[in-house]
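These are my notebook entries on one structure. I record what I looked up, element by element.

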Amino acid sequence: MSTEHQRYSTDNQAAAIRKYADERGFRIVRTYADEGRSGLTTGGRPALQKLFDDIDNDRADYRALLVYDVSRLGRWQDTDEAASHELRCRRAGISVHYCAEQFENDGSVGSSIIKTVKRAMAGEYSRELSVKVFAGQSNLIRLGFRQGGTAGFGLRRLLVDQHGVAKEQLEQGQQKSIATDRVILVPGPEAEVKIVREIYQLFVEGSKESDITNLLNSRHILTDLGRPWTRGTVHQLLTNEKYIGNNVWARTSFKLKNQHVSNPRESWVRADGVFTPIVDQELFDRAQAIITARAQHMSDEAMLEILREIFERNGMLSGLIIDEIEGAPSSSSYRTRFGGLLRAYALVGFSPDRDYRYIEINRNLRALHPTVVGEVLAGLRQAGGTVTQDPLTDILTINDEFTATIVIARCFHTSAGSLRWKLRLDTALKPDLTVAVRMDADNHEPHDYYLLPRLDMRTALLRLSEHNGLSLDAYRFDSLGCFYAMAARQPFPRAA
């Protein structure tokens with residue numbers, strides 16, 4: 001059950017399925033229901049996992065699976081993954097029926113096409129919803145409102161109405177109940193505020209995180225979560241900008257339940273000076289300078305040797321593990337020195353369970369983007385056109401007649417070895433033309449180009465393969481010569 005539509009409540013689904021069963025002569029013998037769960041993955045859906053476990057281990061005492069509609073089985077981003085789950089049922093001799101759909105799931109060409117479209121629509125709906133939710137949350141962050149998470153030691157969450165008028169202070173675990181209400185951070189009890197300031201003062205006066213940890217625990221002071229202090233929790237308090245009144249969000253991302261990644265600093269969403277600070281800006285800056293300086297005098301080899309020892313001692317690496325080690329550079333120092341924690345991990349032989357190579361590729365492509373834009377500007381002007389570039393959005397205005405934006409699409413490989421590209425069109429800027437640069441298999445050089453007019457594009461996301469049919473490949477070019485020619489000018493002969 002999703003939460004965004006009443007028609008997807010379990011009661012409504014059950015009623016529709018029961019009616020379908022009565023009309024077809026089925027007898028319902030078992031029900032699997034995941035209430036309020038995301039359909040993006042099988043993880044977090046115990047009922048769906050139980051269903052597949054029963055099927056795989058021959059415990060299914062039924063021969064048909066009745067599902068409300070195609071999207072209820074799941075909104076997987078990959079339509080092939082969605083199809084594989086239905087195939088899993090069919091191979092066990094269990095037919096799948098979609099009770100609220102207008103087609104019979106009879107294996108015909110027509111039903112197969114409709115199912116594929118429905119699955120793609122379900123996945124695209126989740127993607128578009130994710131984009132809208134992220135944009136809405138980012139806007140609220142910039143307005144100074146807190147988006148989830150605990151307040152932290154020395155701070156409290158204050159509930160305010162849509163006009164900013166204070167309503168009540170939220171206790172640990174409490175949530176707002178009215179959609180238009182918002183949450184901001186305010187200073188907590190004076191005793192906690194004094195302890196926070198004392199921690200910063202002790203640190204800038206020369207105390208180490210471990211010394212401060214021992215002091216707090218000897219005084220039987222607990223964290224905001226009611227736990228003893230550790231070096232890592234003290235370090236996090238010393239580096240969090242909320243104590244100087246800044247609202248910072250999206251340090252990490254877990255979009256579409258895909259991969260939990262650390263975002264580069266330039267991708268963070270922030271609003272400075274929106275909360276009442278409890279630590280002076282100068283004191284905070286001095287603490288950050290000390291943390292940064294601890295690694296500056298060390299060579300790359302020395303830092304990597306320490307990281308290698310941490311890896312050998314713990315069997316894995318993470319930012320929190322690094323920050324817990326006394327005398328070691330902080331995780332932020334490794335991130336700054338080596339261009340990211342993943343790069344530092346690779347240098348000491350640690351590979352996370354997930355494949356994060358795409359982060360490095362994306363970073364390189366972001367660095368490549370200005371170069372590509374510069375080459376396009378030069379090509380347009382050489383063709384005789386005039387072009388201006390918006391410094392904020394990078395959108396190009398050509399000959400004061402039409403606009404264009406340049407998008408670089410990363411190439412990735414499927415498990416079968418095929419090449420794929422995901423291309424997100426900038427629907428907010430609404431350029432007349434999107435110049436899509438598809439990178440080669442190694443993401444080193446452009447593979448080809450697509451000139452996509454806004455009037456012909458009906459979706460914000462295009463999934464491209466090596467061959468896409470005439471509807472898309474009609475816009476494909478091996479070079480940008482055709483695009484440059486659009487900016488060329490030819491003089492009309494003077495009338496006699």
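How many bridges join β1 to strand β2, and do they run parallel or antiparallel? I find that four bridges join β1 to β2 (residues 95-98), and that the two strands run parallel. Strands here are DSSP runs (E, at least two residues), helices likewise (H or I, at least four residues), numbered from the N terminus. Two strands pair if DSSP finds at least two bridges between them.

**Entry 1. Basis of the model.** The model is predicted: local features need pLDDT of at least 70, side-chain atom pairs count only at pLDDT 80 or more, and totals for chains, interfaces and linings use all residues. Residues are numbered from 1 along each chain as its sequence is written, and side-chain values use heavy atoms, with hydrogens and water left out.

Entry 2. Buried means under 20% relative accessible area, exposed over 50%, and partly exposed in between (1.4 Å probe, protein chains only). In a regular strand the side chains alternate between the two faces of the sheet.

Entry 3. I asked how many residues of β12 are buried. In this strand (residues 402-409), eight of the eight residues are buried. F402, A404, I406 and I408 cover one side, and T403, T405, V407 and A409 the other.

I next listed two pairings of β12. Strand β11 (residues 396-398) is joined to β12 by three bridges and runs antiparallel to it; L396 stands opposite A404. The hairpin of β11 and β12 has three residues between the strands, and N399 takes a positive phi near 55° there. Strand β15 (residues 433-439) pairs with β12 in the parallel sense over six bridges, and T434 in β15 is the bridge partner of T405.

**Entry 4. The sheet β13-β14-β17.** I traced an open sheet of three strands in this order, with antiparallel pairing. Its edge strands are β13 (411-413) and β17 (461-464), each of which pairs on one side only. From one strand to the next the twist averages 25°; axes are lines fitted to C-alpha atoms (for helices over the stretch in contact), and angles run from 0 to 180 degrees between N-to-C directions. Three bridges hold β13 against β14 (residues 419-424) in the antiparallel sense.

**Entry 5. Around C411.** C411 stands opposite W421 in β14. Is C411 buried or exposed? C411 counts as buried because its relative accessible area is 3%. Its backbone nitrogen lies 2.8 Å from a polar atom of the side chain of N443. A polar contact is a pair of N or O atoms within 3.5 Å; within protein, one must be able to donate a hydrogen and the other to accept it, and residues adjacent in sequence count only if both atoms are side-chain atoms. N443 is found in the loop between β15 and β16 (446-453) and is buried, at 10% relative accessible area.

I also looked at the ring of W421: R438 lies over its face, at 3.9 Å from the ring centre. A charge sits over a ring if NZ of Lys or CZ of Arg is within 6 Å of the ring centre and within 35 degrees of the ring normal.

**Entry 6. Cysteines.** I searched for disulfides, meaning pairs of cysteine sulfur atoms within 2.5 Å, and found zero. C482 is partly exposed, with a relative accessible area of 37%.

**Entry 7. Aromatic pairs.** My search of the whole structure finds nine aromatic pairs. Rings of Phe, Tyr and Trp (its six-membered ring) pair if their centres lie within 6.5 Å; planes under 30 degrees apart count as stacked, over 60 as edge-to-face and the rest as tilted. Y32 and Y62 form an edge-to-face pair, 6.3 Å centre to centre with 75° between the planes. This pair links distant parts of the chain, 30 residues apart: Y32 is in the loop between α1 (10-24) and α2 (46-56), and Y62 in the loop between α2 and β1 (64-67). Y32 is partly exposed at 24% relative accessible area, whereas Y62 counts as buried at 10%.

The rings of F483 and Y484 have centres 6.2 Å apart and planes at 40°, so I recorded this pair as tilted. F483 counts as buried, at 0% relative accessibility. F311, Y345 and F350 form one aromatic cluster.
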